[in-house]
Amino acid sequence: MILQPLRTRMLALLAAASLAVTAGCAAPQRGADGSLTDGWAGFGEPTTFVPQAGICHRDEAPSGSGKYYRPVDCDELHLVETAHVGTFTGTDAQRTTAPVGDVPAREAARVECEARTAEFLGDIWQHGLLDMTVLVPPQAAWRAGARWFRCDLTEISSAFEGSVLPRTGSLRGALADGGALRLGCHDVRWGDDDYLDALEPVDCSRPHHGEFVGAFDGGNLPVSDLHGSMPEDEAIQERCLRMIADYADLPVDEDLPYRVATFWLRTGDPWFWEGDLRVRCFLYVPDFTTPLVRSAKGGGPDLFPVW
């Protein structure tokens, strides 16, 4: 007598389940065709990762791989700022491999980065305590269709063997007139072997012996005198002395090398593709002369008598 109601309820549940299954197989309602997929929107074309310009990064990226892409707000502490992102076009974009090393496509990217970062900074980056790096997609991303290149800027502690400095705030306009990161006067220290040992930026009102005067493209300089051309060091010295004469308002004559000396630093490696091949020229007054306590700019012969 107790089992009868339980059995009745079980039969009722089974009947309801049967009706539900039957309803699922019934003809579709008006306005439906019974297809589960033909009303879905189509999938778009697959897209590749493209970095953004005008953002900062907490760390330097060893490559253009997306796994190193960790952007932060430029008001936060960071090491790198992406000033520009460009696109390979034409024959450069038709390459089957990413442009790595000293190849025309990468050189074209560097030239564009030079121009765009100058607009961004207010002057070319070689005139400041800055370095520039060009990143391209890794090979896998290039094969997948990525054709971007990225122009990254970093602040450095010195033009000579400087380290990358963490900073807050954007570098936009940092090299405009009066910009704090513009190269200027320096304390120059030499090692026992007469090679440059340290180059520390100082206020021009402090006693100092060195000052940055400008940079030029050293990519076409002769590298030897095997064919009778001027050796590279002599060519750089002559070019830097002429830049110093123009900067300090000095006559270009036989006395010029006895009024001022010069030293220079490359911003890249002439034997390997590394940044560019510009040369930074510095005015130098030897330690046996009176140190400068002002900028050399426009100083003329009175500020630089013959030794």
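Let's start with the largest nonpolar core. A nonpolar core here is a set of buried Ala, Val, Leu, Ile, Met, Phe, Trp, Tyr and Cys residues joined through side-chain atoms within 4.5 Å. Buried means under 20% relative accessible area, exposed over 50%, and partly exposed in between, with a 1.4 Å probe and protein chains only. This core has 22 residues, and Phe88, Leu121, Leu130, Phe149, Leu153 and Leu171 touch the most other members. At least two residues each come from α3 (104–121), β4 (130–135) and β5 (148–155). The largest share is from α3, with 5 residues. Helices (H or I, at least four residues) and strands (E, at least two) are DSSP runs, numbered from the N terminus.

A word on the source. This is a predicted model: local features need pLDDT of at least 70, side-chain atom pairs count only at pLDDT 80 or more, and totals for chains, interfaces and linings use all residues. Residues are numbered from 1 along each chain as its sequence is written, and side-chain values use heavy atoms, leaving out hydrogens and water.

Now take Leu153. What is Leu153 in contact with, leaving aside its neighbours within four places in sequence? Its partners include Leu79, Val80, Phe120, Trp125, Met132 and Leu171. Contact means heavy atoms within 4.5 Å. There is also a second, separate core of 20 residues, with Phe216, Cys240, Ala248 and Leu250 among them.

Next, the disulfides. How many does the structure hold? There are 4, each a pair of cysteine sulfur atoms within 2.5 Å. In sequence order, the bonded cysteines pair 1-2, 3-4, 5-6, 7-8.

Cys56 joins Cys74, S to S 2.0 Å. The S-S torsion is about 95 degrees, so this disulfide is right-handed. Cys56 sits in strand β1 (residues 55–57) and Cys74 in the loop between β2 (71–72) and β3 (80–87), so the pair ties together parts 18 residues apart in sequence. Cys56 is buried at 0%, and Cys74 is buried at 11%.

Cys113 joins Cys151, also listed with S to S 2.0 Å. This link is left-handed, with -70 degrees about the S-S bond. It connects distant parts of the chain: helix α3 holds Cys113, strand β5 holds Cys151, and they are 38 residues apart.

Then Cys185 joins Cys204, S to S 1.9 Å. Cys185 lies in strand β6 (residues 185–190), and Cys204 in the loop between β7 (196–201) and β8 (210–217). Buried or partly exposed: which is Cys204? Cys204 is partly exposed, with a relative accessible area of 24%, while Cys185 is buried at 2%.
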